[in-house]
Each structure stands twice: as structure tokens, then as C-alpha cells.
Amino acid sequence: MSAKQVKKKEYGNESITTLKGPDKVRKRPGVMFGSDGLEGCEHAIFEILSNSIDEARQGFGNKILVTRFADHSIEIEDFGRGIPVDYNPKEERYNWELVFCELYAGGKYNNDSDESYEYSLGLNGLGLCATQFASEYMDADIRRDGYRYTLHFEKGELVGEMKKEPYTKKDTGTRIRWKPDLEVFTDIDVPIEYFADVIKRQAIVNAGLTFILSDKATGEKNEIVYKEGIADHVRELVGEDGFSSVQVWSCERRGRDREDKPEYNVKINAAVTFSNKVSTTEYYHNSSWLEHGGAPQKAVRSAFVAMIDQRLKANGKYNKNESKITYQDVEDCLVIVTSSFSNITSYENQTKKSINNRFIQEAMTDFFKRQLEIWFVENPVEADKICGQVLVNKQSREKSEKERLNLKKTLSSNMDMTSRVAKFVDCRTKDVNERELYIVEGDSAAGSCKSARDASFQGIMPVRGKILNCLKADYARIFKSDIIVDLIKVLGCGVDVNSKANKKLATFDINQLRWNKVIICTDADIDGFQIRTLILTMFYRLMPELIKAGKIFIAESPLYEITTKDQTYFAYNEQEKAEILEMIGKSKYTIQRSKGLGENNPDMMSLTTMAPATRRLIKVMPEDAERTFRMFDVLLGDNLAGRKEYIAENGERFIDMADVQ
């Protein structure tokens with residue numbers, strides 16, 4: 001090691017440090033909020049809203065005001081008891097220090113004994129403090145015990161002192177206004193749609209609680225309330241399209257997750273109906289939407305399949321040797337919203353998107369089985385309709401699966417696609433290990449490639465113009481596109497559509513791919529680049545495994561033709577052009593931008609683009625997939641802010657490219 005090299009600091013006892021105070025959150029926001037991006041910022045909002053909802057659920061206040069300001073600050077006001085912030089003799093500290101500046105401090109730890117918060121969204125004593133630490137500023141205005149308390153924080157620290165003054169009005173409650181800090185989160189521009197969605201969900205599971213959402217940026221104000229909670233929501237979802245009554249079930253159970261664990265209370269609410277046009281399953285726990293389900297979802301799956309299967313068997317509805325129904329068959333016509341509560345909850349993490357309590361799952365499974373049994377006995381006509389529709393769903397699913405298998409066999413056994421796909425030109429060999437498919441831009445380019453190809457192993461598939469943007473279009477539009485459907489037929493491997501709404505289209509099988517290489521061949525201009533990108537987008541969306549398997553290539557077309565008296569050179573970029581010009585020196589030459597593929601003569605086309613010995617192919621590498629897809633989103637997707645920023649930073653590059661003639 002030379003003397004100039006800096007010696008690395010040794011890893012010793014002094015290397016271990018701890019984050020203190022606000023830095024516990026400010027330097028690691030993802031730990032508390034699940035992300036340091038917009039999603040984390042949104043979760044911080046939910047933490048403050050949760051506290052107000054917990055107050056209302058305990059019977060203190062029936063209205064919550066939520067305001068979104070143009071500067072991205074947020075205000076939430078409730079009319080509960082007001083946060084205790086005065087001196088705490090037991091802790092020998094002021095409560096404002098504990099709730100605003102101390103992680104794992106709160107009033108919801110003893111909810112099983114004193115029941116001050118029997119069922120609450122916030123259990124960990126993290127939300128208010130963590131959000132305060134992650135804020136540029138936070139103002140608290142609290143009314144309780146005949147006093148009004150106000151506090152002002154900046155970047156996790158109290159500025160000045162807590163102000164306490166007599167308050168003669170009878171109302172109580174808490175108003176918190178804060179601005180998420182851009183030093184903590186990468187994005188704080190929370191859209192109004194997030195507020196509307198989360199408030200609607202909370203109104204659904206807190207019957208009769210009124211939310212008033214105000215957007216100061218637009219001046220809009222909306223009131224959201226569901227008087228009968230989840231029952232109203234199920235009726236709203238189904239409208240006139242249900243074929244059974246809406247069942248509303250509720251019960252309370254007590255149990256434990258393990259013999260050595262404490263007992264706890266569980267309250268279960270559910271609203272259920274069936275429809276052959278609508279299917280929805282939503283699960284909530286302690287009024288938090290369980291995006292990933294967990295215990296309630298497993299309970300619904302187990303109970304509904306078991307009871308409907310039992311009735312079908314009892315009534316002899318299955319044919320001989322017919323397989324039993326699956327949850328997919330039930331889910332396709334089920335509309336259910338569950339709202340459970342417990343005073344001990346095992347969440348997947350602080351973001352509360354899934355619960356895994358064993359007792360909750362067992363209690364809900366048993367309860368749903370009993371309620372379905374009662375419903376079916378008391379309403380045999382509805383029961384027969386429900387079971388009949390599930391059986392129809394099953395038979396339809398099996399028929400579709402059989403048709404898909406038959407189609408795959410047909411496609412794999414019939415290698416001659418010419419009769420089914422217009423303008424597709426196949427090659428002679430049937431050996432998949434040798435076959436190459438050129439996807440070319442337009443009919444004229446297809447003609448040139450057809451003349452230049454080696455017909456023994458190279459096939460041609462022209463695409464007419466710019467294909468559909470598969471990043472933005474839904475599956476219904478994608479599979480109505482003749483160009484895309486024809487290309488899928490020619491490829492032969494089907495599509496890998498990982499979508500709940502399109503399960504029946506997920507037929508991808510790479511073993512059915514009819515080609516060893518799939519080569520995208522477009523002009524070396526702006527339009528050509530865009531067509532290439534759209535085709536790549538299609539592969540990323542519909543057949544990503546082809547990229548992972550290294551089957552997709554790009555044929556590199558030359559930018560320039562440089563002709564001397566004796567020879568023609570091809571330059572694929574500016575650097576190569578400069579090198580060629582330097583090599584030929586003072587010889588006379590002509591230089592021109594390469595023609596479009598359709599204008600090239602067969603010899604040149606073969607030499608530059610198709611002959612394996614002289615062509616240049618770029619393999620689309622799987623490790624580039626995520627980066628490329630992000631760029632697709634910026635250039636072709638709904639990321640308007642990202643596209644605007646990208647154009648501002650890189651626009652001159654494309655202007656220069658467009659000006660090259």
C-alpha cells in the first residue's frame with residue numbers, strides 16, 4: 001500500500017453507534033412506514049387518522065375532519081377526549097414528551113385489562129411519534145379538562161414550550177397539522193385519491209362515523225358516511241346484480257393463539273351476498289384494510305368451499321367422478337366484506353396489511369361455517385341458486401382449461417402458420433433449435449428481409465405501424481389487437497398473464513415456443529426506435545420469460561453507408577463513422593444516412609442484418625429487465641411527473657437525433 005493511500009477505519013468497539021431521538025425515524029423511515037417514498041408518507045397519514053378513529057370507536061366524537069393543503073401539509077381533527085399531554089406523575093415526565101417524542105409510548109398497551117381502547121388500530125405507540133419525527137413541522141391543538149394545549153415541533157424537536165390556557169367551551173378533541181419532510185420522504189405529494197380511498201374504507205367499517213374531506217387546492221369538500229357500515233357497502237357493490245339476499249353476521253369469541261399465550265377477545269362482522277356479475281372480497285381488522293388478507297381470507301376460503309361442497313354432495317349435484325369445487329369457483333360470484341376486531345393482534349408488520357393470528361382464523365372459519373349452514377337451511381331456494389352458480393363456475397373453468405390445452409396441442413402440432421396469419425412467412429426447417437423469427441417494421445421491410453433471408457431457417461413476421469402500448473392498455477384491448485394476437489400465434493408459446501381478472505388467458509409454456517431466436521428488426525430512426533420499444537414492452541408485459549430465457553434479440557441496423565471507389569463501409573454509430581473516415585484517409589468517398597430497411601437491396605440486407613456471420617445482434621438481457629421496464633413507465637406509461645422530468649433533462653438529445661437527416 002502506498003503512502004498516499006488512505007487507511008480504512010478499523011471495525012472495532014467504537015464502530016457501534018445508535019440512532020438517537022428523531023434520527024431513529026428520519027434516517028430509517030422505511031422501518032416505521034414500510035417505505036421512504038410516497039407509500040411511506042401515506043402510511044404516516046393513516047397513523048394519525050387511526051388515532052382519531054380509535055377515539056370515535058370508543059364513543060368519543062362522531063365526526064373527523066381531514067384537510068389536504070396545497071403545500072402538501074395535512075390536518076386531521078377529531079372531537080374525542082383530546083390527547084393527554086400534561087404532567088404524568090407515574091412517569092415523572094410530561095405526556096407530550098411520551099406521545100410526541102417517545103417511540104413505544106401510548107395509551108393502548110393495557111387494552112385487555114382497562115379496556116380504554118379495547119379494539120384499536122394503533123397498538124404499538126409508534127404512529128404519532130414517528131410521524132412527528134418525519135415532519136418538517138407539526139402543530140398540535142388539544143382541548144381537554146377545561147384547557148387548551150398547543151405545541152409546535154420542527155424536524156422532530158419541540159420549538160419553545162407547550163402552551164396551556166383555560167378553555168371555557170364544552171367541546172374536546174385534537175387537531176394535528178403537519179407537513180411531511182422531503183428530507184425524510186422522497187415524495188410528499190399525496191394525491192387526493194389516496195385520502196378519498198382510505199377515508200371511504202374507514203367509513204365502511206365504522207358505521208355512522210362521519211368524515212369530512214376538504215381539498216384546499218381545489219376547494220372541493222365531501223362528506224362520507226355509511227350508516228350501516230359494511231352492509232351498506234355490500235349493497236353498494238352489488239346494486240341490482242345480486243341473486244341472493246345480503247346477509248349480515250356478527251359474533252364475539254374469546255380464545256388464544258397458543259396454549260402458553262394469553263386469551264383475547266375477537267369480534268367478527270361480515271356482510272355477504274352472491275352475484276353472477278360482481279365479485280369482491282375485502283377484509284378489515286381493527287378497521288385497517290388488510291390488503292394481503294391473512295387469517296380472514298384463509299377462513300373465508302376454507303369455510304365457503306367446505307359448506308358449498310357439502311351441500312352439492314348432499315344433493316347429488318356432482319356428476320360421477322367429477323372433481324370438487326375450488327375457491328376460485330366460489331370467489332367468482334362471492335361478494336363479502338369482513339370487519340373483525342381483537343385486543344391482541346399479530347400484524348405482518350407496522351403497515352398492517354395482513355394478520356396471522358391462529359385463533360382469529362379458527363374462530364372465523366368456525367363462525368362462517370355455522371352461519372352458512374343456518375342460511376342454507378332457512379333459505380333453501382337461495383342456497384340452491386348459490387351452489388348452482390358455483391357449480392356453473394367450476395364447469396366453465398374446467399371447459400376453458402380443456403379448450404386451452406387443446407389449443408396448445410393444435411398450435412404445437414401444426415407448424416404451418418401461413419394459412420392463419422396474413423403476411424407471415426415461415427421457414428423450411430422444423431427444428432426449433434435452428435429457427436429464427438424476424439419481426440420487421442412494415443410490408444416493404446418484410447419484402448427486403450424475405451429476399452435477403454436464408455429461407456431454410458429464417459421466418460419473417462411484419463408488424464404494420466406502431467403496435468398497441470401494452471404498458472398502458474388493459475388486457476381486453478390488448479387481446480383485441482390483430483397485430484398482437486397474430487404475433488402470439490406465430491410465437492406459439494401463449495401468454496403469461498398474471499392477473500386475477502385474466503386467469504383464463506395465462507397459458508404460457510416456453511416449451512411451445514417455435515423459435516430459437518426472436519429478432520426485432522426496425523429502422524435506425526425515431527419511429528423505428530419507438531416501434532422497437534413497443535414490441536419490447538409487449539414481451540415484458542405478456543411473455544417476460546422469453547427475455548429471462550435469452551430468446552429476444554435486436555438486430556442492429558447501420559446508421560451510415562460510406563462508399564469509396566472500391567468498397568462500401570457500414571457505420572453503426574458516430575464513433576464507427578469517425579473511425580472509418582480516419583481509415584480511408586484522403587480517398588474520395590460519399591457518405592449518406594442508411595436507407596430504411598425497405599429500401600435496402602437484398603445483398604446489403606443480408607450482409608448487415610441477417611447473415612449470422614456478419615450481422616450484429618443485441619441480446620435483451622434479463623438483468624436489464626427492471627431498469628428497462630422503469631424507463632418504459634417513464635416514456636410510455638402513466639408516470640407523467642417522471643416523463644416531464646426526463647424530457648427536461650434529456651430532451652435536447654432527441655431533438656438532435658430528430659434533426660439528423
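Student: Where is Asn-321?
Tutor: In this predicted model, Asn-321 sits in the loop between α8 (295-314) and α9 (327-331).

Student: Is Asn-321 buried or exposed?
Tutor: Asn-321 is exposed, with a relative accessibility of 76%.

Student: And what is its phi?
Tutor: The phi of Asn-321 is near 65°, a positive value in a residue other than glycine.

Student: What about Asn-286, what is its phi?
Tutor: Asn-286 is not a glycine either, and its phi is positive, about 50°. Asn-286 lies in the loop between β14 and β15 (288-289).

Student: Buried or exposed, that Asn-286?
Tutor: Asn-286 is buried, at 0% relative accessibility.

Student: Back to α8. Where does Val-300 sit, and is Val-300 buried or exposed?
Tutor: Val-300 is in helix α8. Val-300 is buried, with a relative accessible area of 0%.

Student: Which residues does Val-300 touch?
Tutor: Leaving aside residues up to four places away in sequence, Val-300 touches Tyr-283, Val-305, Tyr-327, Leu-334, Ile-336, Thr-338 and Phe-368.

Student: How far apart are the C-alpha atoms of Val-300 and Thr-338?
Tutor: The C-alpha atoms of Val-300 and Thr-338 are separated by 9.3 Å, and the two residues are 38 apart along the chain.

Student: Aromatics next. How many aromatic pairs are there?
Tutor: The count is 15 aromatic pairs. One of them is Phe-274 with Trp-375, a tilted pair at 6.1 Å centre to centre and 40° between the planes.

Student: Why does that pair tie together parts that are apart in sequence?
Tutor: Phe-274 belongs to strand β13 (residues 264-274) and Trp-375 to helix α10 (residues 358-378), so the pair ties together parts 101 residues apart in sequence. Phe-274 and Trp-375 are both buried.

Student: What kind of pair do Phe-424 and Trp-515 form?
Tutor: Phe-424 and Trp-515 form an edge-to-face pair, with 6.2 Å between the centres and 85° between the planes. This pair also links distant parts of the chain, 91 residues apart. Phe-424 is in the loop between α11 (380-413) and β17 (436-441), and Trp-515 is in the loop between α14 (482-491) and β19 (517-521).

Student: Are Phe-424 and Trp-515 buried or exposed?
Tutor: Phe-424 is buried, at a relative accessible area of 3%. Trp-515 is buried too, at 1%.

Student: Which residues form an aromatic cluster?
Tutor: One aromatic cluster is formed by Trp-249, Phe-274, Phe-304, Phe-367, Phe-368, Trp-375 and Phe-376. Phe-368 in that cluster is also on the contact list of Val-300.

Student: Which ring does the charged end of Arg-201 sit over?
Tutor: The charged end of Arg-201 sits over the ring of Trp-289, 3.6 Å from its centre. There is also Lys-577, which lies over the face of Tyr-560 at 4.5 Å from the ring centre.

Student: New topic, helix α7. Which of its residues are buried?
Tutor: In α7 (residues 230-238), the buried residues are Ile-230, Ala-231, His-233, Val-234 and Val-238.

Student: Why are they on the same side of α7?
Tutor: They span an arc of only 160° around the axis, so they fall on the same side of α7. As background, an α-helix has 3.6 residues a turn, so residues three or four places apart point the same way.

Student: What covers the buried residues of α7?
Tutor: The cover includes α6 (192-205), β12 (247-255), β13, β14 (280-285) and β16 (334-342).

Student: Which residue follows α7?
Tutor: Gly-239 follows α7, and its phi is positive, near 60°.

Student: Last one, β10. Why is it largely enclosed?
Tutor: Six of the six residues of β10 (residues 210-215) are buried, so the strand is largely enclosed by the rest of the structure. Thr-210, Ile-212 and Ser-214 are buried on one side, and Phe-211, Leu-213 and Asp-215 on the other.

Student: Which strands do bridges join to β10?
Tutor: Strand β1 (residues 63-68) runs parallel to β10, joined by six bridges, and Arg-68 has Asp-215 as its bridge partner. Strand β11 (residues 220-224) runs antiparallel to β10, joined by five bridges, and there Ser-214 is partnered with Lys-221.

Student: How many residues lie between β10 and β11 in the hairpin?
Tutor: There are four residues between β10 and β11, and Gly-219 in the turn has a positive phi of about 85°.

Definitions and conventions. Residues numbered from 1 in each chain as written. Predicted model: local features only at pLDDT ≥ 70, side-chain atom pairs only at ≥ 80, totals over all residues. Heavy atoms only, no water. Phe/Tyr/Trp six-rings, centres within 6.5 Å; stacked < 30°, edge-to-face > 60°. Helix = DSSP H or I, 4+ residues; strand = E, 2+ residues; numbered from the N terminus. Buried < 20%, exposed > 50% of the residue type's maximum accessible area, 1.4 Å probe, protein only. Lys NZ or Arg CZ within 6 Å of the ring centre and 35° of its normal. Arc of directions from axis to C-beta. Contact = heavy atoms within 4.5 Å. Pairing = 2+ DSSP bridges.
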